[in-house]
Amino acid sequence: MKFVVCVKQVPDTTEVKVDPKTHTLIREGVPSILNPYDQYAIEECVRIKEKTGEGTVTVITMGPPQARSALMKCLALGADEAILISDKAFAGSDTWATAYTLAQAIKKIGSIDMVFCGQQAIDGDTAQVGPEIAQQLGIPQVTYVEKIDIDEKHKLLIHKQTEEGYHVLETKPPVLFALLPPTSFQPEHPPMSSILRAKKKPFNEWDAKTLGGDVSKYGLDGSFTQVIKTYTPPSRGECELIEGNSKDAARKLSEILLKHEVLVKR
Amino acid sequence: MGIDIILDKCTGCGLCVKACPFAAIKIKNKKAEIEANCTLCGSCVDVCKLEAIVLERPKQSDKDLSEYKDVWIFVELKEEEIKKVSYELASKAREIADTLGERVGAVILGKKVSHLCDNIAAYGVDVVYIAENENLSEYNTNNYTSILTGVILKYKPNIMLFPATHLGRDLAPRVAASLQVGLTADCTGLSIKDGLLLQTRPAFGGNIMADIITPNTRPQMATTRPNVMKITKPDPSRKADTVSIPVNIDPNSMKIVIKEIVKTTKEGTKSLDEADIIISGGRGMGSPENFKILEDLAETINGVVGASRAAVDAGWRPRTDQVGQSGKTVSPKLYIACGISGKIQHQVGMKGSDTIIAINTDSEAPIFDIADCGIVGDLFEIIPALNDELKKNLSKG
């Protein structure tokens with residue numbers, strides 16, 4: 001079986017802080033990490049491959065040259081080969097252009113059985129690239145995937161999270177999954193032996209020319225959405241601390257909630 | 001431009017006939033033939049193994065965008081009832097349409113949905129597009145995508161809004177990719193600027209906001225966070241025109257089959273995503289039994305109980321209750337955080353709430369940085385006392 005995992009290198013948004021004076025993002029010293037959702041996707045993909053007993057896991061990313069380190073981590077986590085899709089022509093891509101670029105790469109890899117993505121990336125949170133790839137490849141998708149099982153006949157049983165619980169779905173390849181890690185998931189660092197082994201695995205770089213396709217669809221030119229302004233959200237203002245013993249504090253809070261019509265009388 | 005069958009490649013296998021949601025393909029003389037009611041939705045192209053169907057849609061930028069009119073919404077249902085978020089979308093769409101001097105359209109897909117037209121019309125919808133079919137009772141990505149792509153291509157709306165729910169976030173990008181148009185995710189603000197839809201969304205875990213436009217493609221598409229847009233007062237006397245969309249679905253062609261539907265939320269309670277009052281408990285709750293006091297308060301103020309990751313990891317609450325980066329993003333009118341320290345990962349999931357109340361014994365807890373109002377104290381005393389107060393005050397005439 002042929003598996004492709006799409007990953008993204010992201011700034012660790014949990015480390016991003018806002019300058020209290022200028023209200024701008026402090027990006028200095030914020031480390032770049034493998035998107036945690038994508039790390040889960042890699043680990044699940046490797047697990048499924050091991051269960052089927054055969055196949056190759058190709059990990060791809062579109063990004064600047066330094067995204068190489070995210071791919072190296074994926075190789076250390078068990079991917080068999082990596083492709084860095086990097087070109088100035090890809091700069092400024094929105095979700096559609098990103099999906100177009102990744103779909104071109106997947107088509108070039110050819111005869112894919114399963115594509116794995118993280119449900120979303122922690123910097124943009126859009127959750128759009130996965131479904132947009134699936135549409136361009138013309139294959140079905142399952143998003144919000146919590147768990148995948150595969151049997152000998154390659155029949156896939158999937159747990160998909162819903163707002164009220166989960167659905168158990170059945171499908172077969174080709175298909176794209178967008179994975180949602182369990183809350184207990186900790187993106188661990190692979191052991192040193194795996195990191196050393198990763199260095200011997202095939203690593204390729206593809207630019208726009210290698211990919212082919214319609215050049216007008218790459219990067220800023222191929223992006224339909226335009227960001228015209230970014231700003232920090234207005235601050236919420238000071239927290240009003242309610243003093244007094246528990247009973248008094250509860251009474252005051254109740255008064256505040258009613259006064260500001262946060263809660264209304266029935 | 002348009003759709004063509006490459007006769008040399010077509011073997012008349014009929015896969016495209018089955019895949020067409022509009023019954024617009026027939027096999028004649030062992031070759032597929034596309035009929036006039038084709039909407040260019042592209043379902044047949046995806047299933048043709050021989051690449052015998054070519055579809056070329058006109059490039060949007062070459063066209064006159066002014067032929068795209070009206071503000072449309074996708075109406076999400078839950079067990080054959082309209083979800084609250086759909087009314088939020090309708091209210092917002094009405095406001096935008098009034099600014100533009102256009103109509104509001106609503107698309108409803110389902111098994112039996114005609115009777116819901118008046119319900120949504122009351123919130124300002126002028127035209128309801130209805131697709132009814134017994135195979136549409138449960139959401140299926142491919143079927144819904146084909147039908148929506150088809151109606152959008154046929155009726156050419158200027159703006160198309162989806163809810164940023166599990167369903168909307170699965171469907172909208174698929175439709176956008178099929179139409180080759182832009183899409184902005186999880187908007188918390190929508191308005192009109194210079195005739196274009198100005199889409200405002202948070203990024204970097206809510207640390208920055210971005211204003212986005214889609215100048216060259218139509219419809220301008222966005223998904224919208226639940227509980228953010230205000231619902232207007234319904235006008236029950238308002239009626240909408242209805243347009244029926246004929247659909248045809250072969251249940252055997254569905255590539256993803258639902259085997260089982262499991263609900264972990266309590267019957268009859270709202271899900272977190274839909275709640276406008278949420279009372280969340282964290283590590284400070286100490287045990288699963290202690291959540292009882294939050295549930296009691298929730299009953300009094302018609303809220304839903306949520307949890308922090310710490311409480312879910314401890315096994316005190318189900319995963320579906322979790323608010324935060326690895327859980328749900330909520331934006332209720334009122335969020336009460338009880339015994340939650342409020343690390344950035346939790347804040348990301350609830351920062352968009354209108355009013356935030358924090359109750360914690362630790363006055364240094366980060367939750368107080370984003371709370372509007374806070375009490376440093378013992379939640380096991382404060383919550384029951386608050387419940388008593390509110391019971392008394394909310395029932396008073």
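This is a short talk on a two-chain model, chain A and chain B.

First, the ground rules. The model is predicted, so local features need pLDDT of at least 70 and side-chain atom pairs count only at pLDDT 80 or more, while totals for chains, interfaces and linings use all residues. Residues are numbered from 1 along each chain as its sequence is written, and chains are lettered from A and ligands numbered from 1 in the order in which they are written.

Start with chain A. It has seven helices and 15 strands. Those are DSSP runs, H or I of at least four residues for helices and E of at least two for strands, numbered from the N terminus. The C-alpha atoms fill a box of roughly 65 × 45 × 40 Å along the principal axes. Of the 266 residues in chain A, 47% are buried. Buried means 20 or more other C-beta atoms within 10 Å of the residue's own; exposed means 12 or fewer; partly exposed is in between; C-beta atoms are placed from the backbone. Now contacts: two residues are in contact if their C-beta atoms, placed from the backbone, lie within 7 Å. In chain A, 70% of the contacts with a separation of 6 or more join residues 24 or more positions apart.

Next, chain B. Here we have eleven helices and 22 strands. The C-alpha box is roughly 80 × 45 × 40 Å. Buried residues are 52% of the 397. Chain B divides into domain 1 (2-57), domain 2 (62-253) and domain 3 (272-395). Those bounds come from an automatic or database domain assignment. The C-alpha centres of domain 1 and domain 3 of chain B are 54 Å apart.

One helix to look at: α1 of chain A, residues 36-52. Its 17 residues should span 24 Å at 1.5 Å a residue, and the end C-alpha atoms are 25 Å apart, which agrees. The expected span is 1.5 Å times one less than the number of residues. Is α1(A) mostly covered or mostly open? Mostly covered: twelve of the 17 are buried. Among them are A:Y37, A:Y40, A:A41 and A:I48. After the helix comes A:G53, with a positive phi near 80°.

Now the cores. A nonpolar core is a set of buried Ala, Val, Leu, Ile, Met, Phe, Trp, Tyr and Cys residues joined through C-beta atoms within 7 Å. The largest has 142 residues, and A:V5, A:C74, A:I133 and B:A106 touch the most other members. Helix α3 of chain A, residues 95-109, gives the largest share, eight residues. Domain 1 and domain 2 of chain B each put in at least three. Take A:V5. Beyond its neighbours within four places in sequence, its contacts include A:A41, A:I42 and A:C45. A second, separate core has 48 residues, including A:L253 and B:L379.

Last, the interface. How many residues of chain B are in contact with chain A? The count is 82, against 67 residues of chain A. Helix α11 of chain B, residues 379-395, gives the largest share of the chain B side, nine residues. That side divides into 36 nonpolar, 26 polar and 20 charged. Nonpolar is Ala, Val, Leu, Ile, Met, Phe, Trp, Tyr, Cys and Pro; charged is Asp, Glu, Lys and Arg; the others, Gly among them, are polar. There is strand pairing too. Five bridges join β14 of chain A (226-231) to β14 of chain B (208-213), running antiparallel. Pairing takes at least two DSSP bridges. A:T230 stands opposite B:A210.
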